[in-house]
2 protein chains.
Amino acid sequence: MNRTDEIRPVYAEGREVVMLDQRLLPEREAFMLLSTVDEVCEAIRTMVVRGAPAIGIAAAFGAALAVGEAQKCAPCDCFSSFEKSLEKLKATRPTAVNLEWALNRVREYWLSSRNLDASAREKGAWELAQRILDDDVAANRALGMHGAELIPDGSNVLTHCNAGALATGGYGSALGVIRAAVEQGKKVHVWVDETRPRLQGAKLTAWELQRDGINHTLISDNMAASLMKAGRIDLAVTGADRIASNGDTANKIGTYSVAVNCEKHGLPFYVAAPESTIDRSIATGQEIPIEEREASEVTHVGETRICPEGVRIYNPAFDVTDAELIGAIVTEKGIHRPPFAFGAD
Amino acid sequence: MNRTDEIRPVYAEGREVVMLDQRLLPEREAFMLLSTVDEVCEAIRTMVVRGAPAIGIAAAFGAALAVGEAQKCAPCDCFSSFEKSLEKLKATRPTAVNLEWALNRVREYWLSSRNLDASAREKGAWELAQRILDDDVAANRALGMHGAELIPDGSNVLTHCNAGALATGGYGSALGVIRAAVEQGKKVHVWVDETRPRLQGAKLTAWELQRDGINHTLISDNMAASLMKAGRIDLAVTGADRIASNGDTANKIGTYSVAVNCEKHGLPFYVAAPESTIDRSIATGQEIPIEEREASEVTHVGETRICPEGVRIYNPAFDVTDAELIGAIVTEKGIHRPPFAFGAD
C-alpha cells in the first residue's frame, strides 16, 4: 500500500488522486485513480472513501483538481466554476464537518493566490491538500499519544465503526489511540462492533487490527451491552464526524447506544478526533444535519436480501451523543474534559 | 399455510411433524416433514424452528415420536431408549426453558401410561403434544388480550427478534400483544429491530407484520436508541426464552441493550411470554445458561462474508435483562408487575 507499510486511504500521485476502494475491503485492496472533480464527488458519495477526516482530505484533493479545472475556463467564469466545484464537493456528505473545513481552506488559498500564474496556483493548491493530509496524520499521532494515557494496560476497549487509518489521512483517531497504547507496550484487547448497516467495524476495523497484529474480537453491535454487564469491557472509544461547541458529538449510527450503555455500567466513553472535526459555529448537536442513506444499505448485505420486498426502512447514517455522556474528547491538542466549551477557544 | 390463514410453524399430520423451514423465510415458504426423533433434533438445532414456545412444541412432538420409537425396542430397553431420546431433544438448545418443560410433560405422561397398550400410549402422546400446541396458541391469545392494555392507541412500539406466530404455536407473544391491540382497533406502528446476527426481525417479524398488514418500519438494532431520544418510540415489548423467579429474563441477544435504552429514555420495557417460559427452579438470571453459537452466524450473511478470514468472533445467542428494567411481564394469567416473585406462586 502506497509503497510504505502504513495504510493510506487517499493520497496524490502527480495531478491525480489515488483512493483505496474501501467498499471492496476486506476481500480486495484495489485503488482508484481519480482525475476530475466529478470523479472525486462520486467516490465520496458512494463511500469509496469514508470517515470524517478522510472525507476532508479527499475533498481537499478534489478542490485542488477544481483549481486546475477552473483555470481552464474563460477568465470571467473562472471563479464561479471553482465555486461550483466546491459546492458539488460539499454536497456529497452532509454530516462530516471536516469536508467544509477542508474546502474552506482551499477556498481561502484561491482568494489569496490571485497573483500567481496558473501553473504556480495549481501547484500551491496540491501542496495545500498534501499539507492537510500530512497535518492530519501528524494530528492523529499526537492525539494517539495523548489518548493512550486513557487506556490502562491490560484493558478491553470497545470501538464502533472505523475511526482508523482508513477513516483519516493515516494512523487513525480512535484506532490511533489504541495503536499508540500498543506502541507504548500496553496489552490491549479490542472489541469490534460490526457496525450495521454498512459493517465498517467488521470490514475495515477488523482488517486494520488484523494487519497490525492488535488483539481483537468481532461482535454484533447488540452484544456490547451484555459484555459490559459481565465486566468484559473497560472503556469505549470512537471517532467523530462533527463535534459541537458544547461537546455533543455526531458519529456513526449506534455510537449513542454505546455511550448510553457505558453510562449504565459506569464505564468511560471517549471520543478521539482531530480539532478539524470541531464545529465551533454550532452550539449543540441539535444543529448537526443527519444524513439519511438509501434503504438498500439495510435491506441487503452484499447480494443477499435480508427482509421481504416492500418493507419500509429508516436508515440514518449518524446519531448524536450528548456531551454529558462523554468522559473526554481527545484531539491533537490534548485531552479535553467536560464541561466542554470549544466555542470559547 | 396449514390450510388456515394463520401462521403455524409446527404441527402434526398423522404421525409426522410438519415444520415451516424458517431459515428460508422471507424468500420461500417451504415445509419439512419429520418422522424421527433425530430429524426433529436436527431441525431444532439448526433453527428450522426457533423461539422458545415453538421449540417447546417441536420438542413435544419429538417426544411423541420418541414414544413410538421406544415401544419398538425390546421391553427391557424401552424406557432407556425413551429417556435417551428426551436427552437428545433437551441437548438441542440450552437456553429456552419451554423445551425442558414440554419434555417433562411427555415424560410424566409416559410414566403414568404404563397400563395402555402400545398403540393407545403412542396416540395419547400425540394428543398431549397437540394439547401443548393448542394451549400455547390459547395462552398467546389470552396474554395478547391482557397485554393490549399496555399499548396506547397511536403508539410506536419497538420489538426485537421475533416473538411472533413463528416463535410460538401461533399468534405470538410480543407480536400477540401487538396483534390484539390492532384487533381492538388501535393504531400501532412497529419499529422492527433487524436483530443481528440471525436477522429474525428483518426476516421473520417483518414478514409476519407485512402478511397481517400491520404498519412497521425496519431498522438496524443500533438505531433504536436515537429514535428513543427523538421521541419516536413509546415503549418496547419482546418475548422471552427463560424467566427466572425474580423476573430476570433471558431473551435474544440485544434485548438487554433495548431495556437499558428504555430506562435511559423513561420508556416502558415489557416482556410477553406464556407461563411455560417461567423457570421457577431458578432464583435469578445468573443461573440461566447462555448458548453460544457458531462464528459463521456473525461472519456471514447468506453467502456473503462480512469480515476478514481468521477474525475471532464472540456469538452469544441470548442475554439476560435484569428484572429492575422490566415494567411488566405479560402472561396468559395477566399482567405481572414488579417486584416479580414467580417462585412464590
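Here are a few notes on the fold and some backbone details.

1. Ground rules first: this is a predicted model, where local features need pLDDT of at least 70, side-chain atom pairs count only at pLDDT 80 or more, and totals for chains, interfaces and linings use all residues. Residues are numbered from 1 along each chain as its sequence is written, chains are lettered from A and ligands numbered from 1 in the order written, and side-chain values use heavy atoms, leaving out hydrogens and water.

2. Chain A has ten helices and 16 strands (DSSP runs numbered from the N terminus: helices are H or I with at least four residues, strands E with at least two). Its radius of gyration is 20 Å, close to the 20 Å from the globule rule for 345 residues, so chain A is as compact as a globular protein of that length (taken over C-alpha atoms; the rule is 2.2 Å times the number of residues to the power 0.38).

3. Of the 345 residues in chain A, 64% are buried (under 20% relative accessible area, with exposed over 50% and partly exposed in between; 1.4 Å probe, protein chains only).

4. Check the phi values in two loops. Cys161(A), not a glycine, has a positive phi near 65°; it sits between strand E4 (155-159) and helix H6 (174-183) of chain A and is buried at 6% relative accessible area. Met47(B) also has a positive phi, about 65°, and is buried at 2%.

5. Two cis peptide bonds in chain B: Leu25(B) to Pro26(B), with omega near 0°, and Pro338(B) to Pro339(B), with omega about 0°. Pro26(B) is in the loop between strands E2 (16-20) and E3 (31-34), while Pro339(B) follows strand E16 (334-336).
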